[in-house]
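Let's walk through this one together, one question at a time. Have a look at the fold, and then we'll pick it apart.

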Amino acid sequence: MELSPVRESDYPELAVIANGGVRRDDRPVFLINWDSGSREEIARSIAQYQWSTRANFRVDEWTVEFTVRIDGRAVGVQGVSSKDFVRTRSVSTGSWLALHEQGKGYGTQMRRTIVTAFTDHFDAAAFHSEYFEGNDASRRVSEKLGYSPNGVKTTIAQDGLAHPEHHMILAASDIVRGPDPIQVAGAEVVRRFLGLDTV
Ligand SMILES: CC(C)(COP(=O)(O)OP(=O)(O)OC[C@H]1O[C@@H](n2cnc3c(N)ncnc32)[C@H](O)[C@@H]1OP(=O)(O)O)[C@@H](O)C(=O)NCCC(=O)NCCS
C-alpha cells in the first residue's frame with residue numbers, strides 16, 4: 001500500500017472509483033453529501049474539495065489528503081487534518097474506499113499507516129476520529145488500532161438530519177502497530193511545511 005498526497009492528476013481516477021457512491025446503504029457516514037449524485041457531480045465534489053484543502057492550507061489549520069494505492073491502482077483517500085498542530089500535536093482523520101475495495105483490511109492499513117507515520121516522523125501525540133452511529137466498519141478500524149470512546153455529539157450529517165456522532169481518541173503511545181514497517185519519504189520537507197522545523 002502506498003499513500004501519496006492527492007495530485008490533480010489523481011482526480012479523474014478518484015472520480016471513477018467513487019462513481020455510484022462509496023456507502024453500502026443509504027446510511028449517512030459523512031458530514032457533506034459529496035458521494036451522491038451523477039458522475040459529474042461526484043467528480044466536481046472531489047475536485048472542489050481537494051482544491052479547497054490546498055487553497056486553505058495554513059500552518060495553524062490544515063488538511064492533507066492522500067491517495068491510497070494498492071499495486072498502483074487508486075483504492076481510496078485517507079485525509080488528515082489539524083488545528084494548531086505545532087502546539088496541540090493532535091490530528092483528526094477521515095477516509096473512504098471504493099465500494100469494491102471495502103472489507104479487505106485496507107481501511108485499517110491506511111489509518112494505521114497515517115497514525116504511525118505521524119507519530120514517528122511528525123511528532124503527533126494524539127489522534128481523533130468520528131463516526132456516525134451504525135458505521136461499524138469505521139468504528140472497528142478505530143477499535144482495532146487502539147482508539148477509545150471519547151464522547152458522543154449530535155451532529156447534522158450528509159442527509160441533513162441530526163445523528164449521534166461518536167468520537168474516538170488514540171494516544172500515540174497506544175497505537176496497535178502492524179507487523180510491516182512503514183517507510184516515509186520527504187519527511188524533512190513536510191516537517192517544515194507543517195511548521196515543525198523552521199530552518
Ligand atoms: C470505513 C472504511 C474506510 C473502513 O475500511 P475497510 O477496508 O472497509 O475496513 P477493514 O476491511 O479494514 O475492516 C475493519 C473492520 O471493520 C469490520 N467491518 C468492515 N465492514 C463492516 C460492516 N459493513 N459492518 C460491520 N463491520 C464491518 C471488519 O470486519 C473489520 O473488523 P474485524 O477485523 O474485527 O473483522 C470503509 O469501509 C469505507 O470507505 N466506508 C465508507 C466511507 C466511510 O464510512 N468512511 C468513514 C467515515 S467516518
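This is a predicted model: local features need pLDDT of at least 70, side-chain atom pairs count only at pLDDT 80 or more; totals for chains, interfaces and linings use all residues.

Q: How are α4 and α5 oriented to each other?
A: Start with the axes of α4 (residues 106-122) and α5 (residues 136-145), which come within 10 Å and cross at roughly 45°. Angles under 35 degrees would be roughly parallel and 65 to 115 roughly perpendicular. The two helices, α4 and α5, are therefore oblique.

Q: Which residues of α5 make the contact with α4?
A: The two helices meet in a right-handed crossing. By class, this contact has four nonpolar, two polar and three charged residues. On the α4 side you'll find G107, T108, R111, R112 and V115, and on the α5 side A137, V141, K144 and L145.

Q: Which element gives the largest share of the shell around the ligand?
A: There are 23 residues around the ligand, with G107, T108, D136, A137 and R140 the closest. The elements that give two or more residues to this shell are β4 (90-97), α4 and α5. The largest share, six residues, comes from α5.

Q: How many residues of the shell around the ligand are charged?
A: Sort the shell by class and you get eight nonpolar and nine polar residues. The charged ones number six.

Q: Which strands stand at the edges of the sheet?
A: Seven strands make an open sheet with mixed pairing, in the order β1-β2-β3-β4-β5-β7-β6. From one strand to the next, the twist averages 30°. An edge strand has a single partner, so one of its sides is left without a neighbour in the sheet. That describes β1 (2-5) and β6 (148-156).

Q: What angle does the direction of α4 make with that of β4?
A: Here α4 packs on the sheet, where it touches β1, β2, β3, β4, β5 (126-132) and β7 (162-171). Its direction makes an angle with that of β4 of about 155°.

Q: What is the bridge partner of E130 in β7?
A: β5 and β7 pair in the antiparallel sense, over seven bridges. Look in β7 for the partner of E130, and you'll land on H167.

Q: Which residue in the turn between β6 and β7 has a positive phi?
A: β6 and β7 run antiparallel and are joined by seven bridges. In this pairing T154 stands opposite P164 of β7. The two strands form a hairpin with five residues between them, and the one in the turn with a positive phi, about 85°, is G160.

Q: How are α1 and α2 oriented to each other?
A: The axes of α1 (residues 11-18) and α2 (residues 39-55) come within 9 Å and cross at roughly 135°. Roughly antiparallel would need an angle over 145, and roughly perpendicular one of 65 to 115. So α1 and α2 are oblique.

Q: How many residues in the contact of α1 with α2 are nonpolar?
A: This crossing is right-handed. In it, Y11, L14, A15 and A18 of α1 meet I42, A43, I46, A47 and Q50 of α2. By class, there are no charged residues and one polar, while the nonpolar ones number eight.

Technical notes: Residues are numbered from 1 along each chain as its sequence is written. Axes are lines fitted to C-alpha atoms, for helices over the stretch in contact, and angles run from 0 to 180 degrees between N-to-C directions. Helices (H or I, at least four residues) and strands (E, at least two) are DSSP runs, numbered from the N terminus. A crossing is left-handed if the near helix is turned anticlockwise from the far one by less than a right angle, and right-handed if clockwise. Two residues are in contact if their C-beta atoms, placed from the backbone, lie within 7 Å. Ala, Val, Leu, Ile, Met, Phe, Trp, Tyr, Cys and Pro count as nonpolar, Asp, Glu, Lys and Arg as charged, and the others, Gly among them, as polar. A residue is near a molecule or strand if its C-beta atom, placed from the backbone, lies within 6 Å of it. Two strands pair if DSSP finds at least two bridges between them.
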